[in-house]
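Subject: Structure for you to look at

Hello,

Here is the structure I said I would pass on. Please open it beside this email and follow along.

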Amino acid sequence: MTTVLVCDDDDDHRALLRATLEASGHTVFEARNGEEALELTLKGVDVLLLDLQMPGMSGLDTLRLLRRRGDTTPTLVMTAFSAIDSAIEATTLGASHYLTKPFPMDQLDGLLTRVIADERHINYQQTVHGGALMTFADIALGWIAAEALGHTRCVTTQLAIQLVSRPRL
């Protein structure tokens, strides 16, 4: 099953997430702060659930450092203090989803399943299409182009929408 790292400074919320995820068959690791999360991700996890508001290193700083070192672990950010600026920055850094606490625990397993399926599709596309990050019709966006565009799923998704909606010449 999926290995999930839960990074949250709130002990009760972290325990609730652990219990929910383990009941669904996931293996769960816990981190109380960004520093612990950075260390645990080196062991390899399938998904990171990352709180944005933590003492010391914030979730955004943690995500920024993960991406800087080349870690593309699918990340779902969580916050009790929803703000457009942090949502945009998290998405720009490659966060898959932005969850506002409290969120329905019964929907978490389905969300993780979709995130993992999306990641596997991206990996499949890389393998099948000679390293392409995304393909549409006869157009392929490679990793080099994605890096030039900011290497985020947000950018590639926006590019895909533009390609689909643009009339064929």
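Predicted model: local features only at pLDDT ≥ 70, side-chain atom pairs only at ≥ 80, totals over all residues.

Asp 109 belongs to helix 5, which runs over residues 108–128. Leaving aside residues up to four places away in sequence, Asp 109 touches Ser 24 and His 26. Gly 25 is 84 residues from Asp 109 in sequence, yet their C-alpha atoms are 9.4 Å apart in space.

With residues up to four places away in sequence not counted, Thr 41 touches Leu 5, Leu 66, Arg 69 and Asp 71.

Now the chain as a whole. The protein chain has 7 helices and 7 strands. Along the sequence they follow the pattern β-α-β-α-β-α-β-α-β-α-β-β-α-α. The chain has 169 residues, of which 41% count as buried. If you take the contacts between residues at least 6 apart in sequence, 59% of them join residues at least 24 apart.

In soluble globular proteins, nonpolar side chains tend to be buried together. The largest nonpolar core in this model consists of 19 residues, and Leu 5, Cys 7, Ala 31, Leu 48, Leu 50, Leu 63 and Val 77 have the most contacts inside it. At least two residues of this core come from each of strand 1 (3–7), helix 2 (34–41), strand 3 (47–51) and helix 3 (59–68). Apart from this core lies another one, with 17 residues, including Val 6, Leu 17, Phe 103 and Met 105.

What does Leu 50 touch, not counting residues up to four places away in sequence? The list is Cys 7, Gly 59, Thr 62, Leu 63, Thr 75, Leu 76, Val 77 and Met 78.

Helix 4 has a buried side and an exposed side. Within this helix, residues 84–92, the buried residues are Ser 86, Ala 87 and Ala 90. Viewed down the helix axis, the buried residues of helix 4 fall within an arc of 100°, so they line one face. The exposed residues Ile 84 and Asp 85 sit on the face turned away from that buried side. Helix 3, strand 4 (75–79) and strand 5 (97–100) are what the buried residues of helix 4 pack against. Just after helix 4 comes Gly 94, with a positive phi of about 100°.

Last, the pairing of helix 3 with helix 4. Two packed helices are described by the angle between their axes and the distance between the axes. For helix 3 and helix 4, the angle is about 15° and the axes are 10 Å apart. Angles under 35 degrees count as roughly parallel, and helix 3 and helix 4 are therefore roughly parallel to each other. The crossing of helix 3 past helix 4 is left-handed. Where they meet, helix 3 contributes Leu 60, Leu 63 and Arg 64, while helix 4 contributes Ser 86, Glu 89 and Ala 90. Of these, Leu 63 was listed above for the largest core, and Ser 86 and Ala 90 were listed among the buried residues of helix 4.

Regards

Methods. Residues numbered from 1 in each chain as written. Heavy atoms only, no water. Core = buried A, V, L, I, M, F, W, Y, C linked by side-chain atoms within 4.5 Å. Buried < 20%, exposed > 50% of the residue type's maximum accessible area, 1.4 Å probe, protein only. Helix = DSSP H or I, 4+ residues; strand = E, 2+ residues; numbered from the N terminus. Contact = heavy atoms within 4.5 Å. Arc of directions from axis to C-beta. Axes fitted to C-alpha atoms, helices over the stretch in contact; angles between N-to-C directions. Parallel < 35°, antiparallel > 145°, perpendicular 65-115°, else oblique. Left-handed = near helix turned anticlockwise from the far one by under 90°.
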